[in-house]
Amino acid sequence: MKKILLGGLAVPALLVAVSVPASAFEGRTVAAPNCDYGGKIESIVAQDEYTVVFNLCKPDPAFKAKAAFTPFGIEPEEYIDSAGVDGSIISAPIGTGPFMLDAWNRGDSVVYKRFDDYWGEKPVYSTLVYRWNDSGAGRLNELRAGTVDQITNVSPDDYDSVKMDDSLQFIPVVNPNTMYLGMTNTFAPFDDVKVRQAIAMGIDRQRIIDNFYPAGSEVASHFTPCSLPNACVGDDWYGFDPAKAKELLAEAGYPDGFDTKIYYRDVFRGYLPEPSLVAVELQTQLRDNLGINAEVVVMESGEFIDESTSGRLDGFYMLGWGADYPHITNFLDYHFTKGTVQFGNPFPEIYDNLITASTIADTATAEPYYEKANNAIRELVPMVPIAHGASASAALKTLGNAHFPPFGAPQLQFDDPGKDTLVYMQNAEPISLYCADETDGESLAACQPVVETLLNYKIDSGDTVPALATDCSANDEATVWTCTLREGVKFHDGSSFDANDVVASWAAGIDASNPAHKGNTGSFDYYAYLWDGFMNAE
Amino acid sequence: MSALSRASAQYSTKIDNEGLLGDPKPMWRQAISRLLGIRSGQIGLVIILVLLFIAAFADLIAPYNPQQVLIGVEQVKKREAPCVHILGCDVSKPQHLMGIDGNVRDEFSRVLHGTRVSLTIGLTTVSAALIFGVFFGAISGYFGGWVDMIIMRLMDVILGFPSLLLAIAIVAVLGPGIQNALLAISIVTLPQYARVTRASVLSVKELDFVAASKVMGASHRHILFFRVLPNAMTPIVVLATLGIATAILDAAGLSFLGLGAQPPMPEWGTMLGSERNQIFSAPHLVFFPGIAIMITVLGFNLLGDGLRDALDPRLNHS
């Protein structure tokens, strides 16, 4: 007998038959007892075979943008209930995408085969291969040798040589991003706002952009890149004023500076193309401008992310953020809302405005709240926004339709390599292929050919287009979102796609009591932060 | 002091004064003169002397402070190629013999100051390993028995690990940094000195002049440190010379991995590691530190080879 999930509990379908139409379809539901848990989602209901209703506790105007994000991909209900529980799902995803997983050769490559029953336009080639190399020079070398068709993250120093190479295409990436210098306000001397303000004024950010970022990068006037609505309302960031900075530092009791550390991970990102150089540059500026003696400390990537986002780093740290979806909440809410401890104790002056603004659909109506939030960030300086970085991808000239979208990884099904195999090279190996429980960009990119979401981003913008849902529309208050699903879609295992697959996939992420809420680490970060927490958590 | 001991001490002094056991100074003089006659020794010595000169006077020779960022000081860009006026570089541009590094600093000045860091690393680690290794090896070889067994088994345990891997493990526990790297390299190289010293002491302590000292009533301390060790030092001196090269390589390796010297210290391994991805776009930043390591290691290896030949009694130096 098919079971229905109610509040995370598997209930025989007969018990809820009163709400199910007389047809054969038994709709699943995942629900919280009420909205007291603080999250945004009250319930997700498979209303009929091709209709899913998301009942929200509070309005969410960014719902569509979020629903198009890879972690909210859909896998078969039965597969979630079995492989999601026993853990095998993390290395063997089953989706509806244009490619199906053929093999994950650990340490070497992920190989995909074309899915011939794909509902959309089928790729013109049969095999897609993902490879990785953490060295920019190594990636470019492979591209020049013709062993790969497209690479991510061209090193800034190689921009000119790629542009001048007749056999290559230079592809600018316009993903909005921010690189910042973080401080944790629970550690001295960063618990003193004057120290933080001194640092905000004591760093020549233009000098960093001019010397360590590629052309097209810009100094951050606000935390969120200005291409997003309401991102740059409020006052611009402090100008470079070392004299005033020294004065503030002296007032705080540190006239001769202090000893600290600069933590970072040596990983190439669009917002930080050369971390080790920028770390040394910051070390130099802090010493020369403020008398602060900072030791540079490189950390392993995973450990660094864990320690920084948990607010456990006692010095400066260099980190950044690339937009997952085109909405200001993706930047401000993740970093500064209530409950985030990345910069120490969160500030109510900031998060009260963010919480109010996040429920307002109209950009103009939300503007005053974002203005107050941005000004509070400037005043309280939880971090120093440094740069909005430009980055680029490169491909062989022979790769037709080569592109790099502003959001997500390239949609390689649209490319034409002119042969039967396309090889794509990124920075690193995926951590897992169950992207509901991944935040790592390399993992999300590797999930994308296999697993689809309800909506998708346009190839050249952050606007959403139909994918597994032909439409998602909201009621007037934006508290109820109804998605109409595409009919006739098949999963790679041959099963048919319906509304229960959507509910099961979302339930595994959002419902802490769901048996499939295990994943790779069990943190399901994007479910927690985009929807303000898990339902049915103990 | 007993009458016998007093008599022994008097005899020992008399024997020393009369040079009956041989004055070590002439032997060393002979060795140096033999070394200067060996081609590899000559080249090695010249390289080392030049490096020592550079290390001592780096502040005067280097045109820039190795940590000085030239942004706003000169019209240069990061990772700019070398500009040498006599090789045709525009004279209006500032001269940088080895180019500019990723943080817009003069590479030549950093490589020169790197000599100081690397020689310090080599000499410090070998000195520490030498002092403790020779001490434990001498005790072990001279006294034998349970003392020998305990010390040598401990050395065997350390030798059981691949040296660089053990050094990485030690630094990983203690934390990255030049001091911890020095300590780690000293620990992993110490057993080599202990083993060679022990072997040398075992053969020397059986010689007649040691027996004579014993008969004269000399103390163990006196026999070991003033009779046996000076005559057992030949292989240790050679090993130490070669060991400096290995220590410099190990330290560069640790720094390359980010476990040794930390920025902004101008250390060759760190310089290589930080620019390893630019091997195609800025090869000079990998080439010059690499060449510096190679020349230094070559210098110590040649000197070590020369010393080995000069000090080897089996070779006919006539």
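1. Start with the disulfide between A:C435 and A:C447, whose sulfurs sit 1.9 Å apart, S to S. Keep in mind that this is a predicted model. The torsion about the S-S bond is 80°, and the link of A:C435 and A:C447 is right-handed. A:C435 belongs to the loop between β18 (421-426) and α13 (441-447) of chain A, while A:C447 is in helix α13 itself, so the bond ties together parts that are twelve residues apart in sequence.

2. Are these two cysteines buried or exposed? A:C435 has a relative accessible area of 4%, so it counts as buried, the cut-off for that being under 20%. A:C447 comes out at 2% and is therefore buried as well.

3. Both cysteines turn up again in the lining of the largest cavity. That cavity has a volume of about 80 Å³, and the count for the model is six cavities of 30 Å³ or more. Besides A:C435 and A:C447, the lining takes in A:Y434, A:A436 and A:V451. It also includes A:T70, A:P71, A:G73, A:E75, A:I80 and A:S505.

4. What is the make-up of that lining by class? Seven of the residues are nonpolar, three are polar and one is charged. As for where they come from, domain 1 (29-89 + 452-530) and domain 2 (91-174 + 391-447) of chain A each supply at least three residues to the lining of the largest cavity.

5. Now for the disulfides as a set: how many are there over all chains? The count is five. In chain A, numbering the bonded cysteines along the chain gives the pattern 1-2, 3-4, 5-6, 7-8.

6. Another chain A disulfide worth a look joins A:C35 to A:C57, with an S to S distance of 2.0 Å. Its S-S torsion is about -85°, so the A:C35 and A:C57 disulfide is left-handed. The pair links distant parts of the chain, 22 residues apart. A:C35 is in the loop between β3 (29-31) and β4 (41-48) of chain A, and A:C57 is in the loop between β5 (51-56) and α1 (63-67) of chain A.

7. On accessibility, A:C35 has a value of 28%, so it counts as partly exposed. A:C57 has a relative accessible area of 23% and is partly exposed too.

8. Which hand does it have? The torsion about the S-S bond is about -85°, so the B:C83 and B:C89 disulfide is left-handed. Both of these cysteines are buried.

9. Reading along the sequence, you simply get α-α-α-α-α-α-α-α-α-α-α-α-α. Chain B has 318 residues, and 48% of them count as buried.

10. One last item on how chain B is put together. Take the contacts in chain B between residues at least 6 apart in sequence: 72% of them join residues at least 24 apart.

Definitions and conventions:
Residues numbered from 1 in each chain as written. Chains lettered and ligands numbered in written order. Predicted model: local features only at pLDDT ≥ 70, side-chain atom pairs only at ≥ 80, totals over all residues. Heavy atoms only, no water. 1 Å grid on protein atoms, 1.4 Å probe; cavity = no way out; pocket = protein on both sides within 12 Å on 5 of 7 lines; lining within 4 Å. Points joined across faces, edges and corners; volume = space filled by probe spheres on them. Nonpolar A, V, L, I, M, F, W, Y, C, P; charged D, E, K, R; others polar. Domains from an automatic or database assignment. Disulfide = S-S within 2.5 Å. Helix = DSSP H or I, 4+ residues; strand = E, 2+ residues; numbered from the N terminus. Buried < 20%, exposed > 50% of the residue type's maximum accessible area, 1.4 Å probe, protein only. Contact = heavy atoms within 4.5 Å.
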